[in-house]
Amino acid sequence: MAEPLTQTTLNPLAQKLRLRLDEDQLTNCMRCGFCLPACPTFRETGFEAESPRGRIALMKAAVDGILAPDQAFEEQMHNCLGCRACEPVCPADVKYGQLIEQARDAIEDHTVNHRWWVKLSRRAAFNFTFPHQNRMQWIGRSLRFYQKSGLRKVVRGAGIMKLFPKYMREMEKILPDASSRGVVEQIGSRHAAKGEKIATVGLFRGCIMDVLFTDTNIHTVELLTEAGFEVVIPETQNCCGALHAHSGEAEGARSLARRNIRVFKEAGVDYIVSNAGGCGAILTEYDHLLHEDAEWEQDAKWFAKRVIDVSDLLVSHGRVPSFAESSALPLRITYQDSCHLRNVMRSSNAPRQLMSQVNGVEFVEMKEADRCCGSAGIYNLTRPEMAGQLLEHKMENANATDTHYLLTSNPGCLLQMKHGIEQHGQSGQMQAVHVVDFLYERMKKQK
Ligand code: SF4
Ligand code: SF4
């Protein structure tokens with residue numbers, strides 16, 4: 001007779017997994033395979049282990065003691081993009097995103113043998129930089145100095161960039177101009193609604209967003225006030241914690257969540273508006289992130305149910321301004337869904353509706369616009385090969401639209417699309433732009 005399974009008969013990682021993974025979610029998966037065609041890594045490789053069903057089976061086998069999770073298991077968990085395309089198609093409503101984050105958290109907790117430079121960079125990013133917006137701004141200032149002082153020319157001329165990995169070299173070329181001052185420093189933290197006020201909204205400014213895409217934050221405020229919302233930007237808000245949660249740093253994510261909840265509650269807002277799908281998705285899941293924290297559970301629910309993407313808020317509650325294109329030539333635009341906006345916040349119609357309302361613009365639907373572009377947080381840095389394959393497919397579809405603008409709703413997707421356009425030598429024909437920036441410019445033209 002087989003010995004009953006106990007904690008001690010499991011290997012150390014399996015023990016951590018058993019403590020972290022939600023057993024109900026694991027057993028909810030009925031192995032139907034509906035999620036397989038939606039999964040980019042399965043479609044690229046054709047391997048069951050690279051599919052949501054396969055990864056869930058691996059997790060289940062590990063906690064049941066059938067499989068001793070090893071390096072290959074860890075690799076498999078990290079190969080997942082976390083795009084969550086498997087969730088909307090799942091008939092059993094398996095919360096795959098939660099499972100993969102729990103698995104990565106267990107792996108991170110178990111991993112004691114990170115190389116010194118991995119440990120150092122993780123600590124620098126997750127503990128020292130992202131949680132502190134003043135440090136993000138310091139990075140913004142340094143980057144701006146590099147971009148504007150002539151140093152960039154010297155670095156490129158001396159061939160110093162060749163010392164960096166290919167992907168980083170390519171990204172350096174397409175990084176937008178960084179800002180040394182964030183949205184609050186530039187325009188202040190409170191903005192009155194134009195006309196009769198519909199509601200008071202809190203803008204989630206984001207950490208990277210407020211350094212590399214400050215203008216998008218400013219344009220978001222302009223669109224919202226024009227549509228009838230009073231906008232408050234709480235100054236002491238911090239990073240959303242998405243990168244922490246996706247990288248196995250759940251406690252770090254929880255601590256950031258608590259701080260954000262406190263400042264937005266104090267601001268007394270009706271909605272919390274995000275203009276970045278990646279941030280918005282985790283903000284809507286703060287209730288799950290803190291569901292075991294009795295002190296914060298209720299406040300986290302209060303927060304999560306108020307989070308909404310800017311496009312959704314404009315369409316569902318706002319007085320949508322008029323948008324018009326003034327160029328003589330007919331302008332064609334297309335859209336790449338942000339995976340987290342589409343699959344977690346379940347928003348895909350609102351941005352399309354707004355884009356289709358711009359006078360003088362033809363909206364062209366891109367084939368497989370709902371498929372991940374390969375950006376996926378820092379996936380394009382950690383798994384450049386798979387990210388590159390996905391980007392190639394994306395660019396084939398983007399090029400086939402023959403459009404002038406490729407719009408997105410997330411900074412990571414935006415940079416990845418800029419990268420793809422540059423790689424394909426299309427910068428003269430096509431521009432990647434955030435939906436908010438595109439609409440703001442057309443609102444000005446209409447006026
Ligand atoms: S669709 Fe859902 S239930 Fe079916 S295999 Fe995938 S995760 Fe499991
Ligand atoms: S999150 Fe994306 S990559 Fe990961 S299993 Fe689901 S569909 Fe596949």
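Let me begin with a convention: helices (H or I, at least four residues) and strands (E, at least two) are DSSP runs, numbered from the N terminus. This is a predicted model, in which local features need pLDDT of at least 70 and side-chain atom pairs count only at pLDDT 80 or more, while totals for chains, interfaces and linings use all residues. Residues are numbered from 1 along each chain as its sequence is written, chains are lettered from A and ligands numbered from 1 in the order in which they are written, and side-chain values use heavy atoms, with hydrogens and water left out.

On a 1 Å grid over the protein atoms alone, a cavity is a set of points where a 1.4 Å probe fits but cannot get out, a pocket is an open set with protein on both sides within 12 Å along at least five of seven lines, and lining residues have an atom within 4 Å of a point. Points are joined across faces, edges and corners, and a volume is the space filled by probe spheres set on them.

The second largest pocket has a volume of about 590 Å³, and of its 27 lining residues Pro176, Lys418, Gln431, Ala432 and Val433 are the closest to its centre. Helix H12 (209–212), helix H13 (214–226), helix H24 (411–423), strand E9 (431–434) and helix H25 (435–446) each supply at least two residues of that lining. By class, this lining has 12 nonpolar, 8 polar and 7 charged residues, where Ala, Val, Leu, Ile, Met, Phe, Trp, Tyr, Cys and Pro count as nonpolar, Asp, Glu, Lys and Arg as charged, and the others, Gly among them, as polar.

The largest cavity holds about 140 Å³, and among its 17 lining residues Cys29, Cys35, Ile56, Cys90 and Val94 lie nearest its centre. Helix H4 (residues 52–63) gives the most to this lining, with 3 residues, and the lining as a whole has 13 nonpolar, 2 polar and 2 charged residues. The second largest cavity holds about 70 Å³, and its lining includes Cys39, Cys80, Cys83, Arg84 and Cys86.

That brings us to Arg84, which lies in the loop between helix H5 (71–79) and helix H6 (96–110) and has a positive phi of about 65° although it is not a glycine. Is Arg84 buried or exposed? With a relative accessible area of 6%, Arg84 is buried, the term meaning under 20%, with exposed over 50% and partly exposed in between (1.4 Å probe, protein chains only). Asp93, in the loop between H5 and H6, also has a positive phi, near 55°, but at 44% relative accessibility Asp93 counts as partly exposed.

Finally, the rings. The whole structure has 4 aromatic pairs, a pair being rings of Phe, Tyr and Trp (its six-membered ring) with centres within 6.5 Å, stacked if the planes are under 30 degrees apart, edge-to-face if over 60 and tilted otherwise. Tyr286 and Phe303 form a stacked pair, 4.9 Å centre to centre with 25° between the planes. Tyr286 lies in helix H17 (residues 286–289) and Phe303 in helix H18 (residues 297–304), so the pair ties together parts 17 residues apart in sequence.
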